[in-house]
Amino acid sequence: MSDVIRIVIADDQAMVRAGLRLVVESEPGMEVVGEAADGLEAVAVARRTRPDIVLMDISMPRMDGLAAARELLGRPDPPKVVMLTTFDTDENLYAALRAGTSGFLLKVSPPEQLVEAVRVVVGGDALLDPAVTTRVIASFAGHHEPAPPPQLADLTPRELEVLRHLARGLTNAEIAKELFVGEATVKTHVARVLMKLHLRDRAQAVVFAYESGVVRPGAAVG
């Protein structure tokens, strides 16, 4: 990846796209390489321009953002995808996390939060607001009694602890502070957790943690 973060904006509202472009292109090191007004166009533009990240509206005509995200993320070497939404309680957000998106961002978020979100996601972290993410996942993952998957047995006690902290939406730096270890050590643990559980990224790790019963809605992390 080059030093410039390449971004595609997909939203069916031209004014929203213009506003996002204005924010992104006012930031050094970021470039909008394409726009799309629906999901089909988003997939085509992303394939042509090969961006680092796609900012994808959930509700779009012809193909919605969730279907477009699944299409992109199902291909080799996909871009990061962040879903844009008007409401943080949309049940599609849970499906989006399960599909492998790197998180979601409210359209009403301030410009500096959008810029930070892009940097966080491209840098390898998931964009997971702990309060919102926990509520979304808890709402849709808590309808059954989870059975621990067998691959959990492959995790060491420390890796399991790291997974629990990931489920809270903590960054590597925050986990390092909780566990009194270096950030590089946490990064290694996270990589091993993802590898052992066959997960693409941190967002999928959060969903896995709830669906497998490693953490439960409302429970403290210990």
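Tutor: What follows starts at the annotated residue and then turns to other parts of the chain.

This is a predicted model, in which local features need pLDDT of at least 70, side-chain atom pairs count only at pLDDT 80 or more, and totals for chains, interfaces and linings use all residues. Residues are numbered from 1 along each chain as its sequence is written, and side-chain values use heavy atoms, with hydrogens and water left out.

The UniProt record, an unreviewed entry, places the feature "modified residue: 4-aspartylphosphate" at Asp57. UniProt positions are given in the numbering used here, feature names are shortened, and annotations may be inferred rather than shown by experiment. Asp57 belongs to strand β3, residues 53-57; strands (E, at least two residues) and helices (H or I, at least four) are DSSP runs, numbered from the N terminus. With a relative accessible area of 4%, Asp57 is buried. Buried means under 20% relative accessible area and exposed over 50%, with partly exposed in between (1.4 Å probe, protein chains only). Leaving aside neighbours within four places in sequence, the residues in contact with Asp57 are Ala10, Asp11, Asp12, Gly65, Met83, Leu84 and Lys107, where contact means heavy atoms within 4.5 Å.

For Val54, not counting residues up to four places away in sequence, the residues touched are Val8, Ala46, Leu72, Pro79, Lys80, Val81 and Val82. In soluble globular proteins, nonpolar side chains tend to be buried together.

Strand β1 (residues 5-10) runs parallel to strand β2 (residues 30-36), and six bridges join the two. Two strands pair if DSSP finds at least two bridges between them. Between β1 and β2 the chain passes through helix α1 (residues 14-25), in a right-handed β-α-β crossover. Right-handed here means that, with the strands pointing away from the viewer, the path from the first strand over the helix to the second runs clockwise.

A salt bridge is a side-chain nitrogen of Lys or Arg within 4 Å of a carboxyl oxygen of Asp or Glu, and the count comes to 13. Arg17 is buried at 14% relative accessibility, whereas Glu35 is partly exposed at 26%. A salt bridge also joins Glu25 to Arg21, with the closest N and O atoms 3.1 Å apart. Those two residues are four apart in helix α1, so about one helical turn separates Glu25 from Arg21. Both are partly exposed, Glu25 at 40% and Arg21 at 27%. Salt bridges link Arg17, Arg21, Glu25 and Glu35 in a network.

Elsewhere, Glu159 and Lys196 meet in a salt bridge of 2.8 Å, N to O. Since Glu159 is in helix α7 (residues 157-167) and Lys196 in helix α9, the pair ties together parts that are 37 residues apart in sequence. Both Glu159 and Lys196 are buried.

Two loops complete the account. Asp77 lies in the loop between α3 (65-73) and β4 (80-85), is exposed at 61% relative accessibility, and has a phi near 50°, a positive value in a residue other than glycine. Pro78 lies in the loop between α3 and β4 and is partly exposed at 31%. Leaving aside neighbours within four places in sequence, Pro78 is in contact with Leu72 and Leu73. Pro78 and Arg50 are 28 residues apart in sequence, with their C-alpha atoms 8.3 Å apart. Phe180, in the loop between α8 (172-179) and α9 (183-197), has a positive phi of about 60° although it is not a glycine; Phe180 is exposed at 77%.
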